[in-house]
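I opened my notebook to record, entry by entry, what I looked up in this structure. The sequence and the model come before my notes.

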Amino acid sequence: MSRSGRGLGGGLGGGLGARRRQRLVAWTGVSIVVLALLQSVALGHAATERFIPVVGEPLCDHAVALGADLTPDLDRDGLSDPCEIALAKQFAPAFVVSDRACNWDHAEGRLTGGYLFGAQPYEGGVRVAYLPAYVDDCGWQGPKCLLRLRGGCDPHRGDSEFIAIDVAWKADVAGWTPTRVFLSAHCFGSGDDCRWYDPSELTWIGTSPLIWVAEGKNANYASRASCDRGHWHFDTCDRNQKGVHFPIEGHAQNIGSSAQPFPWHRDDPACVSAFEVPWIPFRESECIWTDARFRGWGGDSQAGSTGYRRYLDEVAGWVGR
Ligand SMILES: [Ca+2]
Ligand SMILES: [Ca+2]
């Protein structure tokens with residue numbers, strides 16, 4: 001329980017009863033308070049032992065998700081499109097964020113961004129990727145900015161963060177289980193903490209990994225303590241108190257595949273327009289399958305911002321497939 005960090009720990013372990021399990025799965029994650037997280041985190045540990053299959057239509061067991069009779073598979077990746085949604089919902093990260101960050105959206109109750117996802121077959125299972133394409137990197141705050149080699153707090157428009165979860169089918173429990181998790185934190189730069197995690201390194205709320213998001217910088221960590229150590233202790237999660245599920249509503253958010261990018265959209269297939277994605281108050285497009293920098297849904301290309309193609313290529317292995 002120590003991984004949950006201070007303020008979220010406690011001796012609340014024990015068995016996972018059916019009623020509690022239902023409550024966990026039904027957790028909507030929209031701006032719950034710390035007290036709710038306290039309970040969920042404690043229960044989530046027990047849930048790592050046995051994951052609950054997707055319910056509803058369709059029931060995406062292994063045969064349905066990756067079987068020969070796919071209906072439909074518009075991005076032609078060999079994974080049933082309805083199952084892409086179902087698995088993305090099932091494993092949607094549970095972010096612990098600070099509502100003091102400059103990019104906090106009070107109306108939506110989440111960090112401002114276009115929340116995209118993708119899913120493709122991987123080693124007999126499925127790799128699900130989450131792309132919280134944030135409008136802003138707020139930079140750091142306070143006197144520590146003076147300590148930086150280049151000086152300044154380095155805010156910039158457009159912050160491409162990336163999370164991936166590999167899941168495998170467990171026949172003995174008839175459910176999907178995570179086998180590893182990737183968290184982005186200052187990727188492709190100095191002082192990065194980007195890496196794959198074993199599921200046991202994270203805390204789980206039902207089937208959702210609990211991810212600590214550094215205030216303003218949006219870097220992702222497995223615990224509050226590791227967040228506070230991040231990027232030579234410049235990152236902080238001291239004021240993170242909000243729990244927010246990564247929202248999955250439909251294929252408008254699905255990036256598709258390299259062979260069929262965004263098949264659910266009618267415009268430039270390498271790009272996604274802001275009006276096609278829920279929650280984005282802008283009218284520009286982002287070309288995440290190209291080498292272009294991610295501009296924050298309508299900003300200028302700025303130093304500090306990076307594109308998504310490198311994640312899709314080097315982390316997900318999806319470019320050219
Ligand atoms: Ca598909
Ligand atoms: Ca797909």
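I began with aspartate 313, which I found in helix α6 (residues 309-315); helices (H or I, at least four residues) and strands (E, at least two) are DSSP runs, numbered from the N terminus. I noted that this is a predicted model, in which local features need pLDDT of at least 70 and side-chain atom pairs count only at pLDDT 80 or more, while totals for chains, interfaces and linings use all residues. Residues are numbered from 1 along each chain as its sequence is written, and chains are lettered from A and ligands numbered from 1 in the order in which they are written.

Is aspartate 313 buried or exposed, or something in between? It counts as partly exposed because it has 16 C-beta neighbours inside 10 Å; a residue is buried if 20 or more other C-beta atoms lie within 10 Å of its own, exposed if 12 or fewer, and partly exposed in between, with C-beta atoms placed from the backbone. I also looked up tryptophan 289, 24 residues away along the chain, and found its C-alpha atom 9.3 Å from that of aspartate 313.

**The whole protein**

I counted six helices and 16 strands, and 46% of the 321 residues count as buried.

**Strands β5 and β6**

I turned to strand β5 (residues 113-122), which is largely enclosed by the rest of the structure, because eight of its ten residues are buried. It pairs with β6 in the antiparallel sense over ten bridges, where pairing requires that DSSP finds at least two bridges between two strands. Within this pair, tyrosine 115 stands opposite proline 132 in β6. The hairpin has two residues between the strands, and glutamate 123 takes a positive phi near 45° there.

Helix α4 (residues 81-90) is mostly covered, with nine of its ten residues buried; among them I listed Asp81, Cys83, Leu87 and Ala88. Its buried residues pack against α3 (62-66), β5, β6, β8 (163-170) and β9 (175-183).

Which residues touch the most other members of the largest nonpolar core? They are Leu87, Ala88, Phe117, Val128 and Leu131, out of 70 residues; such a core is a set of buried Ala, Val, Leu, Ile, Met, Phe, Trp, Tyr and Cys residues joined through C-beta atoms within 7 Å. Strand β6 (residues 125-137) gives the largest share of this core, eight residues. Leaving aside residues up to four places away in sequence, I found that alanine 88 touches Phe117, Ala119, Val128 and Ile248, contact meaning that the C-beta atoms of two residues, placed from the backbone, lie within 7 Å.
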